Structure formats: C-alpha cells, structure tokens
Amino acid sequence: MARRLLPGIALGAMALGVSGLLVILPTVSSACQPVTTSASVSSAEVTDAIAPGSRVLIVGDSYTSGRGSTSGIDGWAQDLAADRDWKATIDGYPGTGYVDTGRTGSSHYTFGPRLERHAATVDPELVIVQGSQNDWLVDASVLQARVEKTLRDAEQTWPDAVIVALGPSAPLPWAKSTVGVAASVSAGAAAAGVPYIDALAGQWFTAANSPGYAAIDGGHLNDAGYQYLADRVSDSLDALAASDDERCA
C-alpha cells in the first residue's frame with residue numbers, strides 16, 4: 001500500500017545539515033528505559049495515571065499526528081492509546097514545537113496554546129507533551145525557558161494530572177541533529193519538575209534498526225516504527241510507575 005507522506009518543513013531543512021552523519025549504536029533492550037524522574041511525581045500517581053481506561057491528553061508534532069504511517073494519521077500516540085486502552089485526546093500538528101509554529105506562522109499552534117485550548121474540555125489524568133525536533137533552530141536558552149513555562153502551565157491547569165515530556169525520537173541519521181534540542185527539553189522539564197523520557201539517551205533508534213523503522217522521507221517513522229516507539233514509551237511509563245527499588249539504576 002502507498003504511504004501518504006508530507007515531509008515537514010523543519011525536517012526537510014534538517015537534511016541539509018545531517019545527510020552525512022551516521023553513528024553506530026547498539027540495539028536497545030526494552031527491559032529498562034531511561035527516564036529522568038521527578039520528586040514531585042510518585043510511582044503510585046503514575047500507576048493510576050497510566051491504568052487502562054485513564055483519560056489521557058497527548059500534544060505533539062507530526063509524529064503525534066502520524067505522518068509517515070500508511071494511513072498518514074496513525075502514529076505512536078494512537079498505537080499507545082489503543083495498546084493501553086486509554087480514553088485519549090490526541091492533538092498532533094506537523095511542523096510545530098514548543099516554539100516552532102510550523103507552516104501556520106502563528107504561535108497559536110505551538111504546544112502551550114494548544115494545551116491551554118484543551119483546558120475547558122479535557123480533564124486528563126495523564127498529559128504527554130511530545131517533541132520537539134522542529135525546534136532545532138531555536139536558541140537553547142529560549143527553548144529551555146519555553147519548555148519550562150509550557151510544562152509548568154500544564155501542571156497548573158491540571159494539578160491532579162501526571163505531566164510527562166517525551167523528547168525528540170527521530171531515526172538515524174536525523175536523530176543526531178536533535179541532540180541540542182533534547183538537552184534543552186530535558187533541562188526545561190527538570191526545571192518544571194516533570195519526568196522526561198529520553199529516546200536519545202536510550203538509543204532507541206540505531207544504525208541497525210532505523211532503516212526498517214524510517215518512512216521513505218527518512219525523517220518520520222513508518223507503521224512498524226511508530227509501534228516500536230509506542231512500545232518504548234509504554235516501557236518508560238511502566239518504569240516511572242515502578243517503586244524506587246524497582247526502577248533502573
């Protein structure tokens with residue numbers, strides 16, 4: 001079946017800078033996923049938030065909208081929500097980020113305002129903010145500050161929800177260009193006291209598995225890649241729900 005692929009502007013531009021980069025990384029085990037934990041979130045709270053039937057809000061970019069999949073609308077978020085039997089509200093908009101507006105040119109489409117628009121209609125137990133490899137041209141300090149503000153605002157909007165940030169998760173060689181972005185998102189999440197799921201540190205996408213998981217544009221994932229990403233995020237959430245003694249060292 002033909003895939004409906006519409007590469008994002010930011011990912012297309014990134015190709016100019018990373019086309020010659022490829023690193024050799026070991027395959028990753030699903031047994032232990034890297035998660036930067038927060039003292040403000042207990043394992044019991046996470047356990048309740050990720051239980052079957054939980055109300056979940058996921059906001060992100062083209063990965064959350066499913067660009068690159070066969071249908072063009074079935075990404076990791078849809079797979080994860082189905083696998084865990086969540087009542088999910090999924091808001092993915094290609095090209096956007098914490099700062100990047102995508103093709104719209106309007107900050108109305110960045111993560112913060114989109115989260116805010118859900119405040120009147122969604123009462124989630126879990127909020128996942130995915131991204132943002134599209135913020136690769138944003139100054140590191142500006143991005144970190146915006147991440148912190150976005151996540152703090154989400155915490156204030158839904159004080160009883162568990163807020164989780166999922167960092168850049170592109171296949172190789174694209175992933176190499178998102179290292180700086182990941183550092184800023186991680187730092188912003190830490191400042192906000194929000195758990196951060198780190199796909200780069202976990203080496204989820206390697207030289208060995210990326211060809212099988214990448215869509216034909218090289219910057220997005222195919223059906224298998226999105227299911228793989230959903231599985232890794234699921235493992236990471238389970239790690240957050242584990243007791244301190246059970247968590248990975």
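Me: How many aromatic pairs does a search of the whole structure find?

Reply: Six aromatic pairs turn up. Rings of Phe, Tyr and Trp (its six-membered ring) count as a pair if their centres lie within 6.5 Å; planes under 30 degrees apart are stacked, over 60 edge-to-face, and the rest tilted. This is a predicted model, where local features need pLDDT of at least 70 and side-chain atom pairs count only at pLDDT 80 or more, while totals for chains, interfaces and linings use all residues. Residues are numbered from 1 along each chain as its sequence is written, and side-chain values use heavy atoms, with hydrogens and water left out.

Me: Why is the pair of Tyr98 and Phe111 edge-to-face?

Reply: Look at the angle. The planes of Tyr98 and Phe111 stand at 70°, so the pair is edge-to-face. The ring centres are 4.9 Å apart.

Me: Are Tyr98 and Phe111 buried or exposed?

Reply: Tyr98 and Phe111 are both buried. The cut-offs use relative accessible area: buried is under 20%, exposed is over 50%, and partly exposed is in between (1.4 Å probe, protein chains only).

Me: What kind of aromatic pair do Tyr213 and Tyr228 form?

Reply: Theirs is stacked, at 4.5 Å centre to centre and 15° between the planes. Tyr213 sits in helix α8 (residues 210–213) and Tyr228 in helix α9 (residues 223–241), 15 residues apart. Tyr213 has 22% relative accessibility, so it counts as partly exposed. Tyr228 is buried, because its relative accessible area is 10%.

Me: Next, charges. How many salt bridges are there?

Reply: Side chains of opposite charge can pair when their charged atoms come close. The rule is a side-chain nitrogen of Lys or Arg within 4 Å of a carboxyl oxygen of Asp or Glu. The count here is seven salt bridges. One of them joins Arg114 to Asp91, with the closest N and O atoms 3.0 Å apart. Arg114 is in helix α5 and Asp91 in strand β3, so this pair ties together parts that are 23 residues apart in sequence. Arg114 and Asp91 are both buried.

Me: Which residue forms a salt bridge with Arg152?

Reply: Glu148 does, with the closest N and O atoms 2.9 Å apart. Both are in helix α6 (residues 140–157), four residues apart, about one turn of the helix. Arg152 has a relative accessible area of 35%, so it is partly exposed. Glu148, at 24%, is partly exposed.

Me: Where do Asp153 and Lys149 lie?

Reply: They too are in helix α6, four residues apart, about one turn of the helix. Asp153 counts as partly exposed because its relative accessibility is 30%. Elsewhere, salt bridges that share partners join Arg55, Asp123 and Glu125 into one network.

Me: Now the backbone. Is the peptide bond from Gly131 to Ser132 cis or trans?

Reply: Most residues other than glycine have a negative phi, and most peptide bonds are trans. The bond from Gly131 to Ser132 is cis, with omega near 10°. Ser132 is in the loop between β4 (126–130) and α6. The bond from Leu172 to Pro173 is cis, with omega near 0°. Pro173 belongs to the loop between β5 (162–166) and α7 (179–192).

Me: Is phi of Asp85 positive or negative?

Reply: Positive, near 60°. Asp85 lies in the loop between α4 (76–83) and β3. At 52% relative accessibility, Asp85 counts as exposed. Gln203 has a positive phi near 50°.

Me: At what angle do the axes of α6 and α7 cross?

Reply: Axes are lines fitted to C-alpha atoms, for helices over the stretch in contact, with angles from 0 to 180 degrees between N-to-C directions. The axes of α6 and α7 cross at roughly 40° and come within 8 Å. Under 35 degrees is roughly parallel, over 145 roughly antiparallel, 65 to 115 roughly perpendicular, and the rest oblique. The two helices are therefore oblique to each other.
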